[in-house]
Amino acid sequence: MRTPVLAERMSRVKESPSSRVADRVRAFQAAGRKVLPLTIGEPDFDTPDHVKDAAIKAIREGETKYTSANGTPALQKSIISRLERKTGQSYGTGEICLGGGAKQLIFLAFVATLDEGDEVIVPAPYWVSYPDMVTVNGGRPVVVDTTAADGYKLTPGGLRAALGDRTKWVVLNTPNNPTGAVYSEEELRQLADVLRAHPHVSLLCDEIYDEINFGADPVPSAVTVAPDLRDRIFLVNGVSKAYAMTGWRIGYGAGAAPLCAAIGTLQSQSSSCPSSVSQAAAVAALDGGREFIDRTVRIYRERRDLLVSGLDAIEGLRPSVPRGGFYVWTDASALTGAVTPSGSTITSDADFAGHLLETSGVVVITGDAYGCPGHFRASFALDSDTIREAVSGLAHSVSLLRHP
Ligand code: PMP
């Protein structure tokens with residue numbers, strides 16, 4: 001029997017590395033091995049009760065039908081207020097759009113705007129999904145390496161050098177997954193200055209981690225520092241990370257009306273709309289005050305400090321201190337060339353990950369997945385005891401390595 005022949009575009013997309021690692025962890029656990037997964041990409045907290053209650057109420061009151069592709073009026077209102085609180089900009093209902101998560105919205109933004117050969121500038125280390133989302137939609141990711149010295153942030157010079165006639169988008173992720181870097185107002189202003197001279201280029205700002213912020217000030221938004229570029233900036237956010245709602249699948253975008261309308265059209269022809277019940281829950285989350293966020297950020301901060309200091313004490317590892325998000329990005333390049341007890345040499349990220357898993361059961365996502373080999377991402381969306389245990393495991397694994 002012949003199976004359907006897959007489209008050529010499927011050769012341009014691979015499964016998300018995080019899903020692949022999660023499968024590997026499950027297989028290891030199923031084999032009865034203890035695993036310490038520093039791979040978790042979502043809050044370990046439960047969704048707040050008032051959000052669950054709002055969803056249950058919505059179910060009981062029959063809010064169980066299709067909604068407009070760009071959301072219920074109540075959710076549109078909540079999103080617009082949240083955007084105003086963060087950016088000082090008042091968006092109209094035609095300038096926002098809704099997705100089944102921020103991830104789907106970014107995908108749809110590329111479907112809506114990329115023609116074959118269009119370029120998208122993606123600073124590395126990058127969130128694993130951007131390049132595949134670009135290529136599957138016919139675009140070409142232009143990866144720009146950033147450096148630890150620049151705080152893993154795209155510089156105006158780096159941006160200028162990467163821009164071309166075919167550039168459609170620049171993707172900025174602040175706070176960044178995996179590095180935790182946050183662009184300051186001044187840094188955003190300088191990048192906006194470069195973009196002003198290139199009117200064919202738009203900026204996609206993925207701000208999904210903006211509430212998980214360890215700085216004294218809120219995470220700035222590009223649209224606040226460059227309101228004149230508002231129609232060329234597509235802000236993407238959602239409720240997944242801030243309110244521990246990853247499974248509810250609600251993300252939102254704000255930008256030019258034609259772009260939001262196009263995304264709405266695609267949404268209407270693919271999913272019709274995100275879940276009506278999840279939309280009611282998202283209203284409760286966005287309108288529900290800051291108590292949950294303040295409490296969880298306090299806990300994340302303690303865990304961050306625990307993980308950073310633990311990693312810092314291990315010779316050969318150089319963690320960066322994240323300003324936001326719940327990951328610690330660590331330079332492990334000093335361990336390349338080291339030899340394991342079984343006599344094999346660490347020559348790749350896969351060798352390093354294999355050594356950790358075999359010798360201590362610690363699982364990390366290695367830098368190659370983020371376009372930056374020789375590093376790894378360790379999550380602190382885990383309880384402190386597990387973080388301590390994982391740090392001891394890592395220290396043990398690294399201590400077994402010999403430098404020839
Ligand atoms: N952007 C980044 C940088 C992320 O890390 C994630 C989640 N892993 C997303 C977007 C997607 O979030 P959502 O659950 O809203 O689809």
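A residue is termed buried if 20 or more other C-beta atoms lie within 10 Å of its own, exposed if 12 or fewer do, and partly exposed in between, with C-beta atoms placed from the backbone.

**Figure 1. Overview of the protein chain.** This is a predicted model, in which local features need pLDDT of at least 70, side-chain atom pairs count only at pLDDT 80 or more, and totals for chains, interfaces and linings use all residues. Residues are numbered from 1 along each chain as its sequence is written. Of the 404 residues of the protein chain, 49% are buried. The protein chain contains 13 helices and 13 strands; these are DSSP runs numbered from the N terminus, helices being H or I with at least four residues and strands E with at least two. The radius of gyration, 21 Å, is close to the 22 Å of the globule rule for 404 residues, so the protein chain is as compact as a globular protein of that length. This radius is taken over C-alpha atoms, and the rule is 2.2 Å times the number of residues to the power 0.38. Along the principal axes, the C-alpha atoms fill a box of roughly 60 × 60 × 50 Å.

Figure 2. Helix H11 (residues 291-312) has 22 residues and spans 32 Å from its first C-alpha to its last, close to the 32 Å expected at 1.5 Å a residue, where the expected span is 1.5 Å times one less than the number of residues. Its buried residues are Phe-292, Thr-296, Tyr-300, Arg-303, Arg-304, Leu-307, Gly-310 and Leu-311. Seen down the axis of H11, these fall within an arc of 135°, so they line one face of the helix; the arc is that of the directions from the helix axis to the C-beta atoms. They pack against strands S9 (318-319), S10 (327-331) and S13 (375-379) and helix H13 (384-399). Exposed on the other side of H11 are Glu-291, Asp-294, Arg-295, Arg-298, Glu-302 and Ser-309.

Figure 3. Ala-284 lies in helix H10 (residues 276-287) and is buried, with 23 C-beta neighbours inside 10 Å. Leaving aside neighbours within four places in sequence, Ala-284 is in contact (C-beta atoms, placed from the backbone, within 7 Å) with His-50, Val-51 and Ala-54. Ile-56, in helix H2 (residues 49-60), is partly exposed, with 13 such neighbours inside 10 Å. The C-alpha atoms of Ile-56 and Ala-281 are 8.7 Å apart, although 225 residues separate the two in sequence.

Figure 4. Most residues other than glycine have a negative phi, and most peptide bonds are trans. The bond from Ala-124 to Pro-125 is cis, with omega near 0°, and Pro-125 sits in the loop between strand S3 (119-124) and helix H5 (129-136). The bond from Thr-174 to Pro-175 is also cis, with omega near -5°. Ala-244 has a positive phi of about 50° and is buried, with 22 other C-beta atoms within 10 Å. Ser-272, whose phi is near 70°, is exposed, with 11 C-beta neighbours inside 10 Å.

Technical notes: Two residues are in contact if their C-beta atoms, placed from the backbone, lie within 7 Å.
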